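Me: I have a model open and want to learn how to read it. Can we go feature by feature?

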Amino acid sequence: MAATITPSLRSALERLKHAGSVNGLLLGWRRQILISLLPFEEFRAERLLHVLHDAQAHFASGGDRDVSTFWFGYEGVFVLALFQGECLLVTLHTHAAEVDFLRRAGLTFLEDTQLLVDALLHPSADDEISREETQPLGELSDMDLPYQGSSPTNVIPRAS
């Protein structure tokens, strides 16, 4: 599933990375990394993901607290972790004053992410039909394509 989601979310995550003083981002689904834009190795990003999930599970183990946001301050960097549904967004940033802005932007991003994940996990009947009727350009022969003239538009005809 990560290979399907990654291209559609990567550009939105790149834009979020340029908001404020963000140094790195990590998007996870359950305990799997979807996209890591952190300034360190993949195994460290995976370890961070697991530690944050364990911290959330620790606070929820009593049943009376459901923690959806963590904010840690270290020397020179802050870590903001946002949980929403099965998704986790980790933001590394350097200015403490930007945490409210980054939290709102991150929650908006996670709402969109949840919609995309849900659409991929539970496709509607219309989606299945359109996937079956659409053909990739590589499967068409030159004889099947209509005349395009000087137009730069590529026509993808449906199978009959």
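Me: In which sense do β1 and β2 pair, and over how many bridges?

Reply: Strands of a sheet pair through backbone hydrogen bonds, either parallel or antiparallel. Two strands count as paired if DSSP finds at least two bridges between them. Here β1 and β2 are antiparallel, over four bridges. L27 has I35 in β2 as its bridge partner. Two residues sit between the strands of this hairpin, and R30 takes a positive phi near 55°. Strands (E, at least two residues) and helices (H or I, at least four) are DSSP runs, numbered from the N terminus. This is a predicted model: local features need pLDDT of at least 70, side-chain atom pairs count only at pLDDT 80 or more, and totals for chains, interfaces and linings use all residues. Residues are numbered from 1 along each chain as its sequence is written, and side-chain values use heavy atoms, with hydrogens and water left out.

Me: What is the strand order of the sheet?

Reply: The order is β2-β1-β5-β4-β3, an open sheet of five strands with antiparallel pairing. β2 and β3 (69–74) are the edge strands, each pairing on one side only. From one strand to the next, the twist averages 15°. β4 and β5 pair over seven bridges, in the antiparallel sense. A81 has V90 in β5 as its bridge partner.

Me: Which strands does helix α2 lie across?

Reply: Axes are lines fitted to C-alpha atoms, for helices over the stretch in contact (heavy atoms within 4.5 Å). Angles run from 0 to 180 degrees between N-to-C directions. Helix α2 (residues 42–60) lies across β1, β2, β3, β4 and β5, at about 125° to β2.

Me: How many residues does the largest nonpolar core have?

Reply: A nonpolar core is a set of buried Ala, Val, Leu, Ile, Met, Phe, Trp, Tyr and Cys residues joined through side-chain atoms within 4.5 Å. Buried means under 20% relative accessible area, exposed over 50%, partly exposed in between (1.4 Å probe, protein chains only). The largest core has 19 residues; L13, L25, L27, I35, L89 and F109 have the most contacts inside it. Helix α3 gives the largest share, five residues. Beyond its neighbours within four places in sequence, L89 contacts residues including L13, L25, L82 and F109. A second, separate core of 14 residues includes I33, F83, L88 and L92.

Me: Is S21 buried or exposed?

Reply: S21 is buried, because its relative accessible area is 9%. S21 lies in the loop between α1 and β1. Its side chain reaches the backbone nitrogen of H95 at 3.1 Å.

Conventions. A polar contact is a pair of N or O atoms within 3.5 Å; within protein, one must be able to donate a hydrogen and the other to accept it, and residues adjacent in sequence count only if both atoms are side-chain atoms.
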